Amino acid sequence: MEKHSMQTEAPHAGTHLPAGYGPQYPPAAFQGPSAHTGHPVALQTGYQGPQPAYPGPQLGYTVATAGSGGYNATQLPSQRSQAIILVNTQWMPAPPPLQNCPPGLEYLSQIDQILIHQQTELLEVLTGFETNNKFEIKNSLGQMVYLAVEDTDCCTRNCCEAARPFTLRILDNLGQEVMTLERPLRCSSCCFPCCLQEIEIQAPPGVPIGYVTQNWHPCLPKLTLQNEKKENVLKVVGPCVACTCCTDIDFEIRSLDEQSRIGKISKQWSGCVKEAFTDSDNFGIQFPLDLDVKMKAVTLGACFLLDYMFFEGCE
């Protein structure tokens with residue numbers, strides 16, 4: 001036990017964001033082991049360690065690798081007849097466990113940029129029949145960090161479309177579910193300041209670590225990022241027109257008073273053909289390297305919520 005404790009005494013994400021905090025971080029400045037000399041870090045105080053009652057990965061999550069280039073096939077419990085094939089995919093090396101960090105989120109402690117690529121579904125392109133979305137989550141070097149898979153039934157997907165409630169399962173390279181995102185059914189109209197959009201982030205599954213809630217505004221898309229106690233931590237503010245052509249769309253991550261810019265979530269332009277005929281989107285997220293890993297996970301949840309709110313039906 002003492003040996004394990006010595007191995008886990010590595011720097012990790014802090015929890016404090018003082019007023020006026022605006023770190024000058026270079027994009028994708030760090031993608032290596034946790035023993036770095038970047039932003040100052042402080043010990044997290046709110047997380048009580050992995051929950052002893054958590055049974056581990058659910059049965060049915062399997063990963064197989066083969067071939068000289070290497071490919072991964074991940075099969076989910078809700079899709080036992082189908083496998084998710086990732087060809088010639090390089091995964092980010094697994095970091096050592098960290099103290100006071102939910103299991104599986106150690107990857108987030110080493111990166112300050114995330115790239116999200118939605119896979120194009122041929123059936124959806126040809127027929128317009130809505131299928132479960134799948135997302136590749138990578139670091140700035142193109143290495144896979146996680147795989148995100150939507151888990152909703154056929155009726156919900158095609159009747160409620162972009163406004164649908166969903167469960168999004170975040171898997172690591174072993175097929176273990178390290179995060180779960182739960183979005184309930186909510187109102188999608190900006191004309192009614194009630195039943196606004198929200199999403200819950202769990203890590204490990206069943207243990208909430210944060211929430212993203214929509215703030216009503218007649219013109220601007222605004223979200224609030226909250227911790228596990230539903231205390232406000234950060235804001236996300238987007239442009240007046242969330243759907244534009246031939247350019248990236250930036251949603252700024254700001255302090256609670258909205259005066260300091262902390263990072264951003266960018267919807268990246270994918271080209272005329274892909275934007276016109278599919279709803280497969282690319283996103284980029286930038287945040288401070290020393291941001292609390294749980295808030296990084298919440299920011300990831302905010303990105304998926306923005307995708308379904310504004311871009312899932314844009315095809």
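Trainee: What is the mean pLDDT of the protein?

Mentor: The model is predicted, and pLDDT is the predictor's confidence in each residue. Of the residues, 63% reach 70 or more. The mean pLDDT of the protein is 76.

Trainee: How many contacts beyond four places in sequence does the model have for residues 1-16?

Mentor: Over residues 1-16 the pLDDT stays under 50. Even there, the model has contacts beyond four places in sequence, and their number is 31.

Trainee: Is glutamine 119 buried or exposed?

Mentor: The relative accessible area of glutamine 119 is 18%. Buried means under 20%. Because its value is 18%, glutamine 119 counts as buried.

Trainee: Which residue's side chain makes a polar contact with the side chain of glutamine 119?

Mentor: A polar contact requires a pair of N or O atoms within 3.5 Å. The contact made by the side chain of glutamine 119 is at 3.2 Å. Its partner is the side chain of glutamate 136.

Trainee: How many disulfides does the structure hold?

Mentor: A disulfide requires a pair of cysteine sulfur atoms within 2.5 Å. For cysteine 154, the nearest cysteine sulfur is that of cysteine 155, 7.2 Å away. For cysteine 155, the nearest is that of cysteine 159, 3.8 Å away. Neither cysteine 154 nor cysteine 155 is in a disulfide, and the number of disulfides in the structure is 0.

Note on methods. Residues numbered from 1 in each chain as written. Predicted model: local features only at pLDDT ≥ 70, side-chain atom pairs only at ≥ 80, totals over all residues. Heavy atoms only, no water. Buried < 20%, exposed > 50% of the residue type's maximum accessible area, 1.4 Å probe, protein only. Polar contact = N/O pair within 3.5 Å; in protein donor to acceptor, adjacent residues only side chain to side chain. pLDDT = per-residue confidence, 0-100. Contact = heavy atoms within 4.5 Å.
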